[in-house]
Amino acid sequence: MAVRPVSRMLQRVLRSSVRSCSSGAPVTQHHPGEPSQTAAEELSRRRQFLREHAAPFSAFLTDSFGRQHSYLRISLTEKCNLRCQYCMPEEGIPLTPKADLLTTEEILTLARLFVKEGVDKIRLTGGEPLIRPDVVDIVAQLHQLEGLRTIGITTNGINLARLLPQLQKAGLSAINISLDTLVPAKFEFIVRRKGFQKVMAGIHKAIELGYSPVKVNCVVMRGLNEDELLDFVALTEGLPLDVRFIEYMPFDGNRWNFKKMVSYKEMLNTLQQQWPELEKLPEEESSTAKAFKIPGFRGQLSFITSMSEHFCGTCNRLRITADGNLKVCLFGNSEVSLRDHLRAGASEEELLRIIGAAVGRKKRQHAELLLMLQDSPPAIPSISSQDPFRVQGIRHRGSFSNQMMILWKGGWVPQTPLLAQRWLGSSCPQRHCSSHLNSDANPKCLSAVSRAPGSPSGPLPTSDQLTHVDTTGRAAMVDVGGKPDTERVAVASAMVLLGPVAFKLIQENQLKKGDALVVAQLAGVQAAKLTSQLIPLCHHVALSHVQVGLELDGTCHAVGIRVSCRARGPTGVEMEALTAAAVAALTVYDMCKAVSRDIVLGEIKLLSKTGGQRGDFQRT
């Protein structure tokens, strides 16, 4: 792809003495007997010429503050094959009708227009751009545009390993891959889908095909993945990666709050404690990233400081949405439909006037965002029942990702947690945490010493012998090979009596360690999945469903825990439910022990079970 041509007049003036390359920069004719210039000298001379004689930048893409917009991001689709907790709800988002989305030809028409006016970099985004069937063809046609130097793509990496060889041949020159954790099970929790290994395969395929650096985008969220900063940076020691830590930013649907954001300076301080020799690299013009490198490491790391230190003053980016709207600022609400004007038959000149007017209205900085930061108090914001993902301030001992890389291997992860909810009709606000939405959940406060009798709802023949010992009294695992597969469901509960001080801190979400309900909910889910590794004679069960709910009860300063597990197989899941309830209770204790050790764990019991040869059980 060649550089944008200089004016025809300048080419005619130069043509008399030298010949021109496609950029318009002169290339001296070599005469016999004269020493030839080296390639480096020739390239340097051409670059100098272009700097001195470059054609004026398009007025249509220059705003009132003199910022020249040479970088265009085009969304190819609204669809995505993941459901990231911080990005969209589990059920997805309402999609624009297909007829209202840009066609391939409309995308290319707009791209040609912008490149003709001076855009030299286009990045394809989504949704997830690699789920668009004609993405390779779009890249190939963009590659033909005179003046376009860079074609990049931002992807979640799920389809990257499969498509990248074709994309590279088509002309793709830059790759950004989104990856927020190096822990497979945490990955599934964040994106609500499997696919960690596919993303890693995509990263390695990009390295294999010679992309350098391969940019890895990591959105850093307090209490979720800020403990993995060192692990991400360690990847750059032997791999040509640019790990880019992105400050958590507000978007429609993610219910952003100030306390989730880990600032650039906080992240940098964490890394400098581990690598004091960390050195800052020169910043490129219009770059959004503050780049650093550890001496001796192959790759580098960067920070995208959209929130704490915005880069509005050098912004050179424009965006076209999948339905054809031009956005001059990512954080602004103002949009202009280029699709409608295209389909109404607008000429190129009319489109340029519309684009120029929109660019001319671009503000100096994203004022709404800065106002949001100024108005954000240091205290925890008010709890909202609409907050789909509220995980804050978790602190882990040692390297969490290293430990969990070993322990968490596949399996089910929770769906959208309702992590905070204000309950009406109570004398004080109650917080509720569940791995599933459950409007009927309303557990009562149970006494730590009460005993509710169990009553079978049907025939429940019990054995007069222990089933996990053989005839000699030695421990033995029960052989379930001959049992039929049936649907098994078990529900268990636990209670944690906190006392008023710890209860209030949890209620207001002000524990220094973070959101106790969220951490306990996640711990309960993982415990259910790992029961066979914790209880020696338990069979491994492939759980199809786990639900962990926690609710605060102000009448007795307690946390009520309720767990439901489901699987289809030859053995029951009551141990999974009980283990989850117990570990969730222990986690609450761990989160609160610095405040008070006068905490009582109790009422760990089976509430019900269905399926199996011994019939159903229901505790009344």
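Buried means under 20% relative accessible area, exposed means over 50%, and partly exposed lies in between (1.4 Å probe, protein chains only). The structure is a predicted model, in which local features need pLDDT of at least 70, side-chain atom pairs count only at pLDDT 80 or more, and totals for chains, interfaces and linings use all residues. Residues are numbered from 1 along each chain as its sequence is written, and side-chain values use heavy atoms, with hydrogens and water left out.

**Exercise 1. Salt bridges**

Task: Find the distance between the closest N and O atoms in the salt bridges D63 with R67, K205 with E208 and K593 with D590, and class each residue as buried, partly exposed or exposed.

Solution. 

Step 1. Side chains of opposite charge can pair when their charged atoms come close. A salt bridge is a side-chain nitrogen of Lys or Arg within 4 Å of a carboxyl oxygen of Asp or Glu. The structure holds 18 salt bridges.

Step 2. For D63 and R67, the closest N and O atoms are 2.6 Å apart. D63 has 7% relative accessibility and so counts as buried. R67, at 6%, is buried.

Step 3. For K205 and E208 the closest N and O atoms lie 3.4 Å apart. Both residues belong to helix 7 (residues 196-208), where they are 3 residues apart, about one turn of the helix. K205 is partly exposed at 21% relative accessibility, whereas E208 is exposed at 58%.

Step 4. For K593 and D590 the separation of the closest N and O atoms is 3.1 Å. K593 has a relative accessible area of 25% and is partly exposed. D590, at 23%, is partly exposed.

**Exercise 2. Helix 3 and its neighbours**

Task: Describe how helix 3 crosses helix 4 and helix 11, and list the residues in contact.

Solution. 

Step 1. Two packed helices are described by the angle between their axes and the distance between the axes. Axes are lines fitted to C-alpha atoms, for helices over the stretch in contact, and angles run from 0 to 180 degrees between N-to-C directions. Helices (H or I, at least four residues) and strands (E, at least two) are DSSP runs, numbered from the N terminus.

Step 2. The axes of helix 3 (residues 104-116) and helix 4 (residues 135-142) come within 11 Å and cross at roughly 25 degrees. The two are therefore roughly parallel (an angle under 35 degrees).

Step 3. T104, I107, L108, A111 and R112 of helix 3 meet I138, Q141 and L142 of helix 4 (contact means heavy atoms within 4.5 Å). By class, this contact has 5 nonpolar, 2 polar and 1 charged residues.

Step 4. Helix 3 and helix 11 (residues 348-360) have axes that come within 11 Å and cross at roughly 70 degrees. Helix 3 and helix 11 are therefore roughly perpendicular (65 to 115 degrees).

Step 5. This contact is made by L113, F114 and K116 of helix 3 with E348, L351, L352 and I355 of helix 11.

**Exercise 3. The place of W275**

Task: Locate W275 and name the residues that it touches.

Solution. 

Step 1. W275 sits in the loop between helix 9 (264-274) and strand 9 (279-280). With a relative accessible area of 12%, W275 is buried.

Step 2. Not counting residues up to four places away in sequence, W275 touches L230, V233, A234, I294 and F297.

Step 3. L230 is 45 residues from W275 along the chain, and their C-alpha atoms are separated by 9.5 Å.

Definitions and conventions: Angles under 35 degrees count as roughly parallel, over 145 as roughly antiparallel, 65 to 115 as roughly perpendicular and the rest as oblique. Ala, Val, Leu, Ile, Met, Phe, Trp, Tyr, Cys and Pro count as nonpolar, Asp, Glu, Lys and Arg as charged, and the others, Gly among them, as polar.
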